[in-house]
Amino acid sequence: MIKIIFSDMDGTLLDDNSDLPRGFDEMIAELKKRDVIFSPASGRQYYSLLKSFEKYKDDFLFLAENGTLVMYRGKEIFLNSMPRETALNILKLGDNFENILRVYCGKTKAYLLEKDHKSEYLDELSKYFSLHEAVKDFAEVEDVPIKMSFFDPKGKVAENIYPIINKNFGDTMQVVLASDYWADVINLNVSKGAAVKKIQEKFSITPDECAAFGDYLNDVQMLQAVTYSFAMKNAHPDLKKFAKYEALSNSESGVLKGIEKLMNEGLI
């Protein structure tokens with residue numbers, strides 16, 4: 001029987017207006033009755049996830065920052081930080097680009113440069129990082145670095161930023177495409193899938209007791225780490241190769257429908 005359900009947020013659980021699907025609260029209540037834990041698994045900051053699910057802060061297992069930080073009932077389950085010098089050197093690559101937002105993702109807060117503290121970036125930044133601060137220089141940040149993020153408002157992060165970062169740090173770090181607009185740089189051994197495996201170990205459960213839903217390439221390892229894997233109808237074509245099932249799109253409450261499928265099959 002399934003004991004944990006992992007779900008990506010944007011393009012997966014949330015609709016195109018970034019709203020939760022109708023019937024979400026009722027589904028969570030039913031899962032709770034059946035002793036199933038729901039886990040938002042996202043590139044979003046932990047505090048952003050916490051803000052979205054305030055009333056479930058003691059129920060949900062939060063897999064944040066693409067697997068670099070896992071929190072449960074206010075306690076840290078897993079943390080994977082990167083060397084501070086490496087983080088700063090990665091961010092320096094952004095000097096080669098105009099109109100690119102760089103974000104130093106720390107354990108407690110996200111940081112951007114004062115020169116980038118403008119509306120065209122802040123609206124997007126606030127979606128994923130509820131707690132953020134502008135600084136004159138990233139070198140003054142003392143927060144533990146867990147991820148470095150780059151945002152391209154033109155939606156060409158794969159063409160413009162990914163090749164440069166990968167060329168300079170591909171041997172020691174991992175560059176993950178979270179969407180057409182965002183690229184994240186994390187340690188080589190970090191992914192949503194690696195975090196799922198840590199959780200399975202911590203909770204003494206198997207892949208057969210887990211389900212996962214995703215839509216983009218940063219969800220590949222997560223789908224591989226569970227037996228009941230779902231790619232959304234609107235998912236990146238390459239992700240669908242790694243999924244056992246296809247769920248309806250995020251705008252059609254695909255995650256809830258997928259969970260219903262599992263219930264109907266007697267797996268929950």
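Student: In this predicted model, which residue of β11 does Leu177 stand opposite?
Tutor: Leu177 has its counterpart in β11. Strand β10 covers residues 173-177 and runs antiparallel to β11. The residue of β11 that stands opposite Leu177 is Ala183.

Student: How many residues does the hairpin between β10 and β11 pass through, and how many bridges join the two strands?
Tutor: The hairpin joins β10 to β11 through four residues. The two strands run antiparallel, and the number of bridges that join them is five.

Student: Which residue of β11 is the bridge partner of Met148?
Tutor: Strand β9 spans residues 145-151 and pairs with β11 in the antiparallel sense, over four bridges. For Met148, the bridge partner in β11 is Val185.

Student: How many residues of β11 are buried?
Tutor: A residue counts as buried under 20% relative accessible area. Strand β11 takes in residues 182-187 and is mostly covered. Of its six residues, the number buried is six.

Student: Which residue of β2 is the bridge partner of Ile4?
Tutor: Strand β1 holds residues 4-7 and runs parallel to β2, with four bridges joining them. In β2, the partner of Ile4 is Ile37.

Student: Why is one side of β2 and of β14 left without a neighbour in the sheet?
Tutor: The open sheet has five strands with parallel pairing, in the order β2-β1-β12-β13-β14. β2 (37-40) and β14 (245-247) stand at its edges, so one side of each has no neighbour there. On average, and with direction ignored, neighbouring strands of this sheet are turned by 20° against each other.

Notes:
Residues are numbered from 1 along each chain as its sequence is written. This is a predicted model: local features need pLDDT of at least 70, side-chain atom pairs count only at pLDDT 80 or more; totals for chains, interfaces and linings use all residues. Side-chain values use heavy atoms; hydrogens and water are left out. Two strands pair if DSSP finds at least two bridges between them. Axes are lines fitted to C-alpha atoms, for helices over the stretch in contact, and angles run from 0 to 180 degrees between N-to-C directions. Buried means under 20% relative accessible area, exposed over 50%, partly exposed in between (1.4 Å probe, protein chains only).
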